[in-house]
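Me: I have a model open on my screen and would like to learn how to read it. Could you take me through a few features?

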Amino acid sequence: MLKIRVNTLKPGMKLGKDIFTYDGKLLLAKGTVIAEEHLKSFANRGISEVYIMEASPQVRTTKKFEEAFDDSLDLVKSFMLEAKLGQSLDHKEIEASVEVLQQQVFSVNDIFKHLRLMKDKDDYLFTHSVNVSLLSILIGRWLKCEEGIIKKLGMAGMLHDIGKVYISSDILNKPGKLTPEEFEEIKKHPILGYNFLMQSEDIDDDVARAVLMHHERLDGSGYPMGVRGKINFFASVVAVADVYDAVTSNRTYAGKLSPYAAADILWEESFGKLDPKIVKVFYDRVANFYVGNEVVLSNNKRGVVVYVHQTQPTRPIVMVGENEFINLAEEPDLAIVEVLD
Ligand SMILES: [Fe+2]
Ligand SMILES: [Fe+2]
């Protein structure tokens, strides 16, 4: 049996427990198949959560993931607001939330699909923080890091942009290109975040350094310090997760790119900017996630990804009709512009 919120209840699900009215009368019996009119009646009666019988394992994982995601989102919102008001961080609470996300990355095998479904749930800064946390955990798993390290990666991902709460929302949400002065303001967020974290008790040094350095690049082109060469491992992982989530999201100043285009951007950045070892593991795995998925090509044709070349994972073979295949490895002018759910 599973407790779910009424706003995520779908017609066809079966009730797992009797529902009574406030004065004790049976409203709906266990086993009732939910219909559209029930949903309205729940809303009218102020019923916010019900028990349903467990359907397929897929429904169960999706729900659990969404709940974990929503809980983390609520936490991110509250600690960011508190940070803005000058209150220090409840380190333990964030750690507990990251542990729940760690479990999700273990139990959900199509994490990218789940992440796509969660996009646009809330303000970009909040969902982005949860996404970068999840992606950093995922990369840690792929790199076979131990769980303690992975937890720190998740913390670093969740906190990486906390300094943005001190930047004017007019600049953060500006549609269109920033002026050089506005970009200078944005560039302060790693230091502002780091300074805030250093005031909190028990903050882990690796986590704080990742927050400070997540925009540094190996060739010295990053900020805030423009360090060249050695970048903290935690910052390097968060940087890859951050770039991937940023370019695959709808932001105020740019439309979102497909995961394939995002993986190609990461690949280009791995020559001199991002850690090539981390990008490589990400690049190889991301493209393989979409075998069997429906996609849209730049010529507007729809098709299904049927084969991934190991040497060029972002240029797979796509079946666009019965017995019609397009091998993107041999069609340089074509690209996958969208992945459909
Ligand atoms: Fe950032
Ligand atoms: Fe970010």
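Me: How many residues does helix H6 have, and what span is expected at 1.5 Å a residue?

Reply: First, a word on the model. It is predicted, so to speak: local features need pLDDT of at least 70 and side-chain atom pairs 80 or more, while totals for chains, interfaces and linings use all residues. Residues are numbered from 1 along each chain as its sequence is written, chains are lettered from A and ligands numbered from 1 in the order written, and side-chain values use heavy atoms, without hydrogens and water. Helices (H or I, at least four residues) and strands (E, at least two) are DSSP runs numbered from the N terminus. The expected span is 1.5 Å times one less than the number of residues. Helix H6 (residues 147-159) has 13 residues and reaches 18 Å from its first C-alpha to its last, close to the 18 Å expected.

Me: Which residues of H6 are buried?

Reply: Buried means under 20% relative accessible area, exposed over 50%, and partly exposed in between (1.4 Å probe, protein chains only). In H6 the buried residues include Ile150, Leu153 and Met155.

Me: What coordinates the iron ion (ligand 1)?

Reply: Donors are N, O and S atoms within 2.8 Å of the metal (3.2 Å for Na, K and Ca); water is not among the atoms, so sites may look incomplete. Here Asp161 (OD), His189 (NE2), His214 (NE2) and His215 (NE2) coordinate the iron ion (ligand 1) at 2.1 to 2.2 Å. Aspartate 161 also coordinates the iron ion (ligand 2), and the two ions are 3.6 Å apart. Both histidine 189 and histidine 215 are buried.

Me: Where is aspartate 245, and is the residue buried or exposed?

Reply: Aspartate 245 is found in helix H11, and counts as buried because its relative accessibility is 2%. Contact means heavy atoms within 4.5 Å. Leaving out residues up to four places away in sequence, aspartate 245 touches Lys119, Tyr124, His128, Asn131, Val132 and Leu135.

Me: What is the phi of lysine 144, and where is this residue found?

Reply: Lysine 144 has a positive phi of about 60° although it is not a glycine. Lysine 144 is found in the loop between helix H5 (124-142) and H6, and counts as exposed because its relative accessibility is 68%.

Me: Which residues does a cis peptide bond join?

Reply: The cis bond joins tyrosine 223 and proline 224, with omega about 10°. Proline 224 lies in the loop between H10 and H11.
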